[in-house]
Amino acid sequence: MLRLLRAILGRSYPRIIGANRDKSWLFYDTVLPLLGTIAFVYVYKALGAPERFVGYVIMGGATVAFWMNVMWSMAAQFYWDKQGGNLELYMVVPCGIPAILLGMSFGGFVGTVIRAIAIVAIGSLLFDVHYTVSQWPVFLLVFGVAIVGLYGLGVTFASLFLLWGREAWHMANLFMEPVFFLSGFYFPVRALGFWAGMGASLIPLTLALDAMRQLLFPGTHPPFLPLGTELGILAALAISFIVLARFLLRKMEYLARREGRLSLRF
Amino acid sequence: MTVPAIETKELVREYRMKRSPQNPSGAPVVALDGVTLDVPQGEMFGLLGPNGAGKTTLIKVLVTLLLPTAGAARVLGLDVVGQVQQIRERISMVSGGEHSGYGILTVREQLWMFSQFYGLPSKPALARIDELLKVVGLYEERNRRTSALSTGMRQKMNLVRGLLSDPEVLFLDEPTVGLDVTAARDIRAYIKEWIRMKPGRTILLTTHYMHEAEELCDRVAIIHKGRIIAGDAPAALKLRATGGTYFLLTTETLDGISLAGLPGVQRADTRALDGRMELRLHLAEDGAIAGVVKVLADSNRRIFSLQKIEPTLEEVFVQLVGQRLEEADERKAGT
């Protein structure tokens, strides 16, 4: 267990300390994403939407950071690691690939939550948005379970990469915009209708956003599903993705050793 | 009885290939074709061969990156297929031209990160990192970002990474490729020192530099097209070269002087060369050259040059493979 924790900490280090070493993230990872968010704010203001929609958009903009982190820093990371020669070293170290992936997840989460908080803070200040969190423990529980599910999905994608190689990278590209749309980052997912919403709920962020909006705007946000139901589904998704990720990881590692796809040098 | 550090029996590794103009039948590429090796603990074993011979594939099977297609391989008595975790805890691998790690980290941070993958406590790990950096001459660069390192510095850092866990078996895959003379020499010197420091440490080194294999290795195996075609100590391999050691002597024309009958002279081949005579002398023992020199001196024949030529591994390679190592590389590259 101690070795596992050390490996997780070791792998998360470049993402937590190293990635923040270059201060340009303050601009590229907060100001630029905010521009897209601000556009939606002005659309809602122009339409005369209730004030809470501005809050929706700012929360959605912050959540986009997590989705991008999962796609580009989890799913596609092994592609870059393979190019750089790290992947074969990760396969040979005794801590194993799961510890490396957990470290990537933890480091990615810490780096992203800093950015997300910055986006929420700046956006809320700019547009004078006020939140009323009715149940902080539940809010944090929803957020925590969603993050576990989301990064479990990220590990699943990273496992698929071991077999698909560059095709998985194209798939990451493919998932970006449809997920932005379907997950209700910028509008209540209820607007998509029940079945489309349920389909979109496979992405943990969909129900997480809806549940957090219920807690941030109690009584005014039209929920997709009751809070308890959404939390239950999120927990089931988190467990499912973790189990699936573990299974796929083992299978993909075996196939990668059999097919010889881990390394560029032969 | 100690188990061998590395043991392979009829090891085969094939790669499945798609059909292509170069491979219309889609036949698999056989990278290893029945390799049988036995490396005892404490030995520095060299694997010499051109690009595409199977050296890297063999290492990848032994470090558990690839599964064998057929045959068996064991590291420290552990099966590379079924006992993967146990092997990984006791080995390490360093490749030439490695660009592992992350450029935003400093040398020390990068090495610390890898130490954590082996479960080393931070404080002793950092002490060990500093100690190894001093030994390889990188201590002054410990706080420099790895993206700013030269190729030689980076490879020294990679070597330190490989040694952090104090492995029982160290796999070095062309560790000096692309390095300048000084950096390569420093790395070779430390490799020699490292294996001597603790009994039982084993190194499997792949290289296509003949002099590196001769300098470092207790035994060398020559691999070509996935097969081991010879394996022995470098000195013993060189004895296989047809002709063996000889003396090359340049003198004035002999005008009837015969050297073939002199004591200790097994064979004397002569050829005219720009008005001089070049003699190729195969002697029963080196001391016999004194007799040859005396005869020439007594006959007032000036000696322009005298060299002792020992066979090289390259000559052994050429005789076994039928072409020079560089020619084999060029043929593989399609040039």
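How many bridges join β6(B) to strand β7 of chain B, and do the two run parallel or antiparallel? Five bridges join β6(B) to β7 (residues 169-173), and these strands of chain B run parallel; strands here are DSSP runs (E) of at least two residues, and helices (H or I) of at least four, numbered from the N terminus. This is a predicted model, in which local features need pLDDT of at least 70 and side-chain atom pairs count only at pLDDT 80 or more, while totals for chains, interfaces and linings use all residues. Residues are numbered from 1 along each chain as its sequence is written, with chains lettered from A and ligands numbered from 1 in the order in which they are written.

Within this pairing, B:Ser92 stands opposite B:Leu170 in β7(B). Five of the five residues of β6(B) (residues 91-95) are buried, so the strand is largely enclosed by the rest of the structure; buried means that 20 or more other C-beta atoms, placed from the backbone, lie within 10 Å of a residue's own. B:Ile91, B:Met93 and B:Ser95 lie on one side of β6(B), and B:Ser92 and B:Val94 on the other.

B:Phe171 touches residues including B:Ile91, B:Met93 and B:Leu204, not counting residues up to four places away in sequence, where contact requires C-beta atoms, placed from the backbone, within 7 Å.

Elsewhere in chain B, four strands form an open sheet in the order β12-β13-β11-β14 with antiparallel pairing, pairing being counted when DSSP finds at least two bridges between two strands. β12 (265-273) and β14 (303-309) stand at the edges, each with a single partner strand, so one side of each is left without a neighbour in the sheet.

Terms used:
Contact = placed C-beta atoms within 7 Å. Buried ≥ 20, exposed ≤ 12 C-beta atoms within 10 Å, placed from the backbone.
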